[in-house]
Protein chains: 2
Amino acid sequence: MLNFTFHNPTRILFGEGRIADLGGEIPSGARVLITYGGGSVVKTGTLDEVKAALQNVTVFEFGGIEPNPTYETLMQAVELARRECIDFLLAVGGGSVIDGTKFIAAAIPFVGEPWDILAKRAPIQSAVPFGSVLTLPATGSEMNSGSVITKGATQDKLAFMHPLLFPVFSVLDPTRTYTLPPRQVANGVVDAFVHIAEQYLTYPVDARVQDRFAEGLLLTLVEEGPKALAEPGNYDVRANLMWTATLALNGLIGAGVPQDWATHMLGHELTALHGLDHAQTLAIVLPAMLQVRRTQKRDKLLQYAERVWNLRDGSEDERIDAAIRHTRAFFESLGVPTRLADYGIGAEAIPPLLDKLAQHGMTALGERQDVTLEQSRQVYELALSS
Amino acid sequence: MLNFTFHNPTRILFGEGRIADLGGEIPSGARVLITYGGGSVVKTGTLDEVKAALQNVTVFEFGGIEPNPTYETLMQAVELARRECIDFLLAVGGGSVIDGTKFIAAAIPFVGEPWDILAKRAPIQSAVPFGSVLTLPATGSEMNSGSVITKGATQDKLAFMHPLLFPVFSVLDPTRTYTLPPRQVANGVVDAFVHIAEQYLTYPVDARVQDRFAEGLLLTLVEEGPKALAEPGNYDVRANLMWTATLALNGLIGAGVPQDWATHMLGHELTALHGLDHAQTLAIVLPAMLQVRRTQKRDKLLQYAERVWNLRDGSEDERIDAAIRHTRAFFESLGVPTRLADYGIGAEAIPPLLDKLAQHGMTALGERQDVTLEQSRQVYELALSS
């Protein structure tokens, strides 16, 4: 096991009806800016439920945070927050809204150009505290300190994280996910799956608990993902998916083990240049990445084959082939295609993707920093069509 | 899944050499009381290593906290701390030292008789912050807010917990456990095992992640426990055990599921009246408890049989019998006997044990509060001899 530091101070309020407990989590007298996305939280009544739970605070609202939240939109919220002396933020939505709110939280007190937090790794000295009400289980942003922001002007999609950016609390009410469109449910399952894979499918360091936990989360996604699409109102299915997606990226399964994240980096460029959903890009890149990196990931791929897919017969290479095939089939079974061709993207798209990777310094990716641009090219090429 | 609140703010510094990082975790200028037990941390050099890591603080020491820490001993530390205006505590040792330090932390600012915190559930308003350096993986006290204290005068062993009593940080260096006597290593494995059982072997609520995590921890104990005894200097084995014991009782696997704890309550009385090690009492009580409660726990016992012990053949009752037999054999294989007779305790001991349970209000125990004194009597009787 590798040495690690683990610290996750976010308080989780989990279960049906927990939005009603929000009031006690925000300081009395706070000036609260509620942030949300395209308006589904208005339509579903979640926003009203949230506002009804707030007590003795002054409430402001900022809607319109888009999927893959942009710097340009978020800076409007920063200006509003500075103008109104906001001292608490409350994100109501999915990972994009929470990620965006983390940027707002850091940008409000930031001296200088806030984009430098992403582009230049400018140090964060303070942040406005914030909580979240999660409506889409997927990214894990509700219980971590990371965020991914896109600059619309240049199509740069960059990540940052900081210990001050853990939500103070997050409310996870599974019933709030009943009305999600199937595409978002499926995307959430794929997103959580690939988060786990990035922390699990590397090389063994005899970290048995982390491996068992990762496998337990993957098994839960395999068991519950299809049911979530078939039975949208099944509480326990939604509850299991919600808690799985949170635990997939809250630092726990990644503590003390190597981490990859190459799939995410290649995926981010696909979203930035072609507008694909984040999860779609992961479903495209992961199977190809596992194929290209099968030698380096051999031991963990064999463990994955046995413990997640119960593949025990055949040669080692046959079991690895089957595990990758099962992974792809699982994504496809959820309605998420796994080839670039399925999204109308051809070979001519690859050079610009590689240029963007190079421009973002993504030339030595993966758990051993040995995924070169040449290997990334192989991954994109292998992902073109079946 | 049941509704839950999960919050665990303890920062974990895990790995070889992490004691050196202590300095940065304690406020500069603090007046620090280091607490420890019988002196093994002096002999092994761990205490010196801790003191060398402390910077810009004034250090005081209080040794002699016993296994099953007593109110009488701890109050001496409280007096010292009050006299010296201690504002940070640092526990160096195992669960008893950390549990004791939690009581000291709460008692220092307590107005009135601190035993009332346990005996009368007197409310805690504040506590002195504290950290820990763990030397014995077992109780999980290093990452939870609970504590068990014994009043020597009356042999009352009682538990309390409070959100203010999470360690601010805990250092987990597996190499610090190399010199533990085999009995303490075995006890630690049993203790962690039963902590997990108390949160897992109840009734199903379709909490799949919690079940998978509990099973992963149990499997790790089964795999690594015997190796820890056979290869005391195997770093990865010690690391896996240490992290498993912490995660066995940090709130995670118990969030959203029923919890039992009847085995612990019956065990506490055995320690209080007969001086058995805490883990010995658990090894005695758990197999008998599972036998007596096999109807109420049927579904989870069958799941446990299959997923932890790989028992798939025979009737349901045969698989449950085998699972209980495997559990007992596992404890025995570690050198921890599982019958009262093995410790020289006979049937005449049972009425006083039941009297103590009654006196402590333990008349409706378990995940459904239906373990009566009569059932506790059956458990003790079944545990007498093979």
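**Ground rules.** Residues are numbered from 1 along each chain as its sequence is written, and chains are lettered from A in the order in which they are written. In this predicted model, local features need pLDDT of at least 70 and side-chain atom pairs count only at pLDDT 80 or more, while totals for chains, interfaces and linings use all residues.

**Interface.** I looked up how chain A meets chain B, and found 40 residues of chain A in contact with 40 residues of chain B (contact means heavy atoms within 4.5 Å). The area buried between them is about 3,600 Å², with 55% from carbon and sulfur atoms; this is the accessible area (1.4 Å probe) lost on putting the two together, summed over both.

**Salt bridges.** I found 6 between chain A and chain B, a salt bridge being a side-chain nitrogen of Lys or Arg within 4 Å of a carboxyl oxygen of Asp or Glu. One of them joins B:Arg212 to A:Glu223, with the closest N and O atoms 2.7 Å apart.

**Cores.** Next I checked the nonpolar cores, sets of buried Ala, Val, Leu, Ile, Met, Phe, Trp, Tyr and Cys residues joined through side-chain atoms within 4.5 Å (buried is under 20% relative accessible area, 1.4 Å probe, protein chains only). The largest has 223 residues, and A:Trp243, A:Tyr304, B:Trp243 and B:Tyr304 touch the most other members. Leaving out residues up to four places away in sequence, B:Tyr304 touches B:Phe193, B:Tyr200, B:Leu201, B:Leu218, B:Trp309, B:Ala323 and B:Thr327. A second, separate core of 24 residues includes A:Leu266 and A:Leu357.

How values were computed:
Side-chain values use heavy atoms; hydrogens and water are left out. Buried means under 20% relative accessible area, exposed over 50%, partly exposed in between (1.4 Å probe, protein chains only).
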